[in-house]
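Q: I have just opened this entry and would like a guided look at it. Could we go through it together?
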Amino acid sequence: LSRGLGDVYKRQSTYSQIIGEIVIAVDCSGSIDPDTLNMFMAHVTELCRDVQPKLIHLAYFHETVFRVDSYENVDDVSINITESGGTAFSPIFKRIDDMGLDPVCCVVLTDLECYDYGAEPAYPVLWASTTDKVAPWGRTIQIK
């Protein structure tokens, strides 16, 4: 996942790899089981440790974004699922706009079981999919 993000956006310095504010959107739809959520959490932790974002916004979504948690420290990050439902991706990007966020990128952890992608935002999007489907815009990688 970190390599995929690096292809989308990563500023490297001599001593560390640090990026600004990122949004990580976690698919909580009915097609995502607890084992997949655990895998998502492992990828979130690894990604945040690898790229050391200044601020992490973890957005939980299904057909809406029902929760956003923000963290400055990767060790505090945890996935907190409180509901499930259908799937729509467009609410992720609307919520980012509504919150006035200016992320350097958005990573969407999903199975890509959806057709509502919405309009492509100005910032890079990395679709990290558990399936071999490909999003219509942004960069798609397969994760396991």
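This is a predicted model: local features need pLDDT of at least 70, side-chain atom pairs count only at pLDDT 80 or more; totals for chains, interfaces and linings use all residues.

Q: Noted. How many salt bridges does a search of the whole structure find?
A: The search finds four salt bridges. One of them joins the side chains of Asp 69 and Arg 67, with 3.0 Å from N to O.

Q: Are those two buried or exposed, or partly exposed?
A: Asp 69 is buried, because its relative accessible area is 14% and the limit for buried is under 20%. Arg 67 has a relative accessible area of 27% and is therefore partly exposed.

Q: And what does Glu 113 form a salt bridge with?
A: The side chain of Glu 113 meets that of Lys 133 in a salt bridge, again described by an N to O distance of 3.0 Å. Glu 113 lies in the loop between β4 (105-110) and β5 (125-129), and Lys 133 lies in the loop between β5 and β6 (139-142), so the pair ties together parts that are 20 residues apart in sequence. Glu 113 is partly exposed at 39% relative accessible area, and Lys 133 is partly exposed at 31%.

Q: Which residue does Asp 75 pair with?
A: Asp 75 forms a salt bridge with Arg 49, and their closest N and O atoms are 2.6 Å apart. Asp 75 sits in the loop between β3 (65-71) and α3 (90-98), while Arg 49 belongs to helix α2 (residues 34-51), so this pair ties together parts 26 residues apart in sequence. Asp 75 counts as exposed because its relative accessible area is 54%. Arg 49, at 47% relative accessibility, counts as partly exposed.

Q: Let us stay with α2. Which of its residues are buried?
A: The buried residues of α2 include Leu 37, Phe 40, Val 44, Leu 47 and Val 51. As a general point, an α-helix has 3.6 residues a turn, so residues three or four places apart point the same way.

Q: What span should α2 have?
A: The 18 residues of α2 should span 26 Å at 1.5 Å a residue, and the end C-alpha atoms are 26 Å apart, which agrees.

Q: What is found at the start of α2, and what just after it?
A: At the start of α2, a side-chain oxygen of Asp 33 comes to within 3.2 Å of the backbone nitrogen of Asp 35. Just after α2, Gln 52 has a positive phi of about 50°.

Q: Changing topic: how many disulfides are there?
A: The search of the whole structure finds zero disulfides. For Cys 106, the nearest cysteine sulfur is that of Cys 105, 7.5 Å away, and Cys 106 is in no disulfide. Cys 106 counts as buried because its relative accessibility is 0%. Cys 28 also counts as buried, at 3% relative accessibility.

Q: Finally, what does the whole chain look like in outline?
A: Its secondary structure comes to three helices and six strands, in the pattern α-β-α-β-β-α-β-β-β along the sequence. The chain has 144 residues, of which 51% count as buried. It exposes about 7,000 Å², with carbon and sulfur atoms supplying 46% of that area. Among contacts with a separation of 6 or more, 57% are between residues 24 or more positions apart.

Notes: Residues are numbered from 1 along each chain as its sequence is written. Side-chain values use heavy atoms; hydrogens and water are left out. A disulfide is a pair of cysteine sulfur atoms within 2.5 Å. Buried means under 20% relative accessible area, exposed over 50%, partly exposed in between (1.4 Å probe, protein chains only). Helices (H or I, at least four residues) and strands (E, at least two) are DSSP runs, numbered from the N terminus. Contact means heavy atoms within 4.5 Å. Accessible areas come from the Shrake-Rupley method with a 1.4 Å probe; for residues, only the protein chains shown count as cover. The expected span of a helix is 1.5 Å times one less than its number of residues. A polar contact is a pair of N or O atoms within 3.5 Å; within protein, one must be able to donate a hydrogen and the other to accept it, and residues adjacent in sequence count only if both atoms are side-chain atoms.
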